[in-house]
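Subject: Structure handover

Hello,

Here is the structure I promised. My notes on what turned up follow directly below.

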Amino acid sequence: MKAIRRFTVRPALPEPLRPLSELARNLRWSWHAETRDLFQSIDPEHWVSSGGDPVRLLGSVPPARLAELAEDRRFLRRLTAVADDLHDYMTGDRWYQSRPEGLPAAIAYFSPEFGITAALPQYSGGLGILAGDHLKAASDLGVPLIGVGLLYRHGYFRQTLSRDGWQQEHYPVLDPHELPVTLLREPDGTPARVLLALPGGRALHARIWVAQIGRIPLLMLDSDVEENDLGERGVTDRLYGGGSEHRLLQEMLLGIGGVRAVRAYCRITGHPDPEVFHTNEGHAGFLGLERIAELCAQGLDFDAALEAVRAGTVFTTHTPVPAGIDRFDRELVARHFGPDAELPGIDVERILQLGMETYPGGEPNLFNMAVMGLRLAQRANGVSLLHGKVSREMFAGLWPGFDPEEVPITSVTNGVHAPTWVAPEVFRLGARQIGPHRTEDALTSGGSERWDAVADIPDQVIWDLRRDLREQLVAEVRARLRASWRQRGAGTAELGWIDDVFDPDVLTIGFARRVPSYKRLTLMLRDRDRLMDLLLHPERPVQIVVAGKAHPADDSGKRLIQELVRFADDPRVRHRIVFLPDYGMAMAQKLYHGCDVWLNNPLRPLEACGTSGMKAALNGCLNLSVLDGWWDEWYQPDFGWAIPTADGAGYDPDQRDDIEAAALYDLLEQRIAPRFYERGRGGLPDRWIEMVRQTLARLGPKVLASRMVREYVERLYVPAAHAHRALDPDTAREFARWKARVRSAWHEVKVDHVETSSPVAERAGESLSTATAELGTTLGLRVRVGLGGLGPDDVEVQVVSGRVDEEDRITDATAVPLKPAGAPDPDGRWVYEGPLSLDRTGPYGYTVRILPAHRLMASSAELGLVATPAEGTGEGAGVLMR
């Protein structure tokens with residue numbers, strides 16, 4: 001018979017063991033080795049069967065064992081030490097507390113998914129893992145973040161394979177009472193609730209679960225409550241599941257409901273209210289609308305509220321392609337807002353305008369979540385230098401008249417949380433070199449340019465460590481492969497060959513990530529004979545472990561997996577290449593630890609950052625990657641290899657794949673495998689070990705999430721907090737009125753005339769057009785402009801100069817402000833003057849432009865307004881220098 005309801009019966013912990021409950025509920029255990037070791041010692045067998053989850057472990061340990069531990073003085077001393085350590089971690093000053101005054105009192109960080117630990121499966125891939133690492137690093141640094149997400153009853157999905165290699169999806173039900181989360185309750189003990197209004201007088205109710213991530217609370221909204229009808233209960237059923245309306249409701253609950261959850265949490269616990277709101281991708285963009293509604297309820301009009309909200313909002317985009325952005329039908333969005341639905345006090349048309357694709361090529365009938373995110377945030381960033389450039393180009397239409405490099409989207413390159421991803425053996429090696437406290441500080445706080453102590457580790461020690469980790473990976477691969485084949489229907493008698501799969505002394509390559517087509521899972525199969533030769537080479541064999549999930553609706557991704565699996569099933573090579581299903585955090589950690597080379601071959605520039613190679617690098621694994629994402633930024637031949645790309649316009653996709661696959665094979669055959677197997681005088685691969693050493697010493701400090709979070713604090717959160725404080729209600733109204741005045745008057749702003757004078761030319765009796773300008777010459781500029789109803793305080797007049805290309809476009813531009821000279825003339829025209837220094841040789845040019853200027857703008861491009869000279873306004877702008 002099937003139970004109509006399930007729940008977990010937990011043993012009551014004896015009084016001396018009560019601290020175990022707090023240790024289990026704070027997910028710091030997921031990256032704190034001493035806490036995990038303590039739980040493992042309670043019952044090693046149950047620890048393994050519980051998947052390393054302390055909450056499940058405590059629910060399964062026999063009461064007799066707990067009673068025994070309550071009398072074990074040695075265990076109790078360890079428990080006291082670990083509990084005291086957690087208390088110090090939670091309450092002591094850290095990096096953030098040592099910063100100058102003026103920091104945000106709190107920051108709310110919204111994301112549709114969070115990858116904290118396999119015990120809390122609320123993630124699908126890189127976006128969620130990045131969000132989890134962001135929270136963990138913020139905790140280590142003492143940054144007062146509040147995480148906000150959804151609690152999905154089925155998580156993402158569990159992956160198995162059919163006998164013929166086709167991906168199968170399974171959605172196990174997650175019971176929050178069996179997860180390391182607690183219900184947020186009101187002071188009277190009732191569960192805290194948030195409520196969203198739905199069309200037709202219906203409502204969406206959600207309760208709030210709290211996961212404690214070290215010092216950081218993560219609020220997770222759950223719609224599976226009795227007050228909801230069946231349809232509303234299913235809003236938080238699956239991550240990235242359902243149709244358009246389902247996704248819209250998820251994103252309304254995340255954004256609007258998330259702000260309400262933050263308000264409830266701060267009211268109940270006394271946590272400071274956030275001054276900064278950070279939107280991790282566009283999924284949570286509706287949070288800005290809720291905050292506008294809050295301010296409108298306090299008496300601000302929409303425009304002033306919009307300015308106040310923008311000032312304190314940071315938006316991070318993660319996608320390098322328009323297809324990766326959530327877009328909804330305008331009518332669908334309109335139906336869910338307004339008098340009969342949510343945010344009734346805001347005009348629906350104002351909401352729709354925020355998401356309209358008003359740029360050339362945009363779809364007027366679609367509501368774009370990333371566009372709304374950018375319009376609701378004064379500060380925005382991509383997640384690597386290259387991705388910042390791609391994002392500026394992709395969204396340039398929102399700032400017409402500006403070159404892409406001036407679009408106000410900066411970049412903060414992602415990082416990874418080292419204590420989560422570094423193998424315990426690597427940590428112990430660091431502890432032996434510099435001590436456990438310095439090692440922990442290096443991994444959690446960062447700030448170093450190099451880890452110089454790595455230079456003192458003997459070659460033999462590094463090589464023994466790498467072999468030990470590879471040996472552990474071999475055991476993991478065999479166990480997972482055997483389980484996979486049994487799920488595919490194989491009997492024990494068929495699986496004897498698995499005992500010979502992989503070899504701890506063979507060069508091991510890892511490839512594991514989501515499986516959209518642009519990541520090119522099967523690029524390695526372009527020339528199967530050549531790949532077989534690599535795998536089966538008599539002196540320099542290679543073995544490859546592959547893992548990844550395709551989205552349930554992505555049949556093309558599933559076909560790629562099936563193609564790879566069928567190749568890996570070939571008896572000739574199945575001991576050298578494997579596909580492991582159900583890729584997740586637990587598997588990923590073993591892969592990052594044990595692989596020698598981490599392979600990444602996306603279509604450039606479609607990888608926004610790609611952090612898996614960072615995690616591998618922290619364990620001494622070398623990267624072999626296309627120059628995309630973070631690798632484009634930090635690649636050096638000292639610690640990895642770059643796969644040449646054929647990303648010019650002259651190649652069709654098949655040609656490109658063939659060329660880049662051939663380059664990959666060449667690298668493996670001619671450089672990578674020979675270096676791994678080449679032995680020096682001491683019998684060790686000296687040159688390989690030196691690359692491992694350089695990876696750890698020079699790349700390690702760069703890839704840390706602590707470096708990333710420091711950058712967010714200093715470059716984005718602090719300026720956003722200052723801007724938020726500056727925009728009190730009266731200032732917000734003034735700023736909104738100023739913007740409206742500038743927009744209405746801008747059609748009258750013009751550059752009327754530009755004159756250039758040169759002392760050298762004047763002394764020679766020549767005009768500038770016939771003189772040869774020399775390096776170091778300073779030209780005098782005199783510009784006459786019309787400002788219409790605006791004044792000099794409303795604008796900045798600039799000269800923009802630099803080298804020019806064949807089409808007279810200025811590159812490497814430098815902008816210098818000009819100053820008004822006196823009062824306006826009788827026609828109301830203003831004259832601006834200033835110098836132009838000719839500071840570089842070659843074809844050189846300049847232009848003049850007028851921009852809005854206000855002390856509260858974060859960027860001169862913020863309004864998307866610019867006035868430039870019309871044809872024939874002034875003298876020829878291009879001057880040739882020698």
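D812 sits in strand 26, residues 810-817. Strands here are DSSP E runs of at least two residues, helices are H or I runs of at least four, and both are numbered from the N terminus. The phi of D812 is near 50°, a positive value in a residue other than glycine. D812 counts as exposed because its relative accessible area is 55%. The cut-offs are: buried under 20% relative accessible area, exposed over 50%, partly exposed in between, with a 1.4 Å probe and protein chains only.

Before you read on: this is a predicted model, where local features need pLDDT of at least 70, side-chain atom pairs count only at pLDDT 80 or more, and totals for chains, interfaces and linings use all residues. Residues are numbered from 1 along each chain as its sequence is written, and side-chain values use heavy atoms, with hydrogens and water left out.

L343 also has a positive phi, near 50°, and is not a glycine. Its place is the loop between helix 12 (330-335) and helix 13 (348-355). L343 is buried, at 4% relative accessible area.

Next, a peptide bond. The one from R604 to P605 is cis, with omega near 5°. P605 lies in the loop between strand 20 (597-600) and helix 23 (612-617). Why flag these spots? Because most residues other than glycine have a negative phi, and most peptide bonds are trans.

Now the surface. E34, D37, E440 and D441 form a negative patch. Patch residues have over 30% relative accessible area and no salt bridge, and like charges are joined within 9 Å. A salt bridge means a side-chain nitrogen of Lys or Arg within 4 Å of a carboxyl oxygen of Asp or Glu. Asp and Glu count as negative. Charges are placed at CG of Asp and CD of Glu. Helix 2 (33-42) and helix 18 (436-444) each supply at least two residues of the patch. D37 is in helix 2. At 41% relative accessibility, D37 is partly exposed.

Last, the whole chain. It holds 29 helices and 30 strands. Buried residues make up 57% of its 882 residues. The C-alpha trace spans about 95 × 75 × 50 Å along its principal axes.

Best wishes

Methods
Patch = residues over 30% accessible without salt bridge, like charges linked within 9 Å, V, L, I, M, F, W, Y side chains within 5 Å. Areas by Shrake-Rupley, 256 points an atom, 1.4 Å probe, with all protein chains shown as cover.
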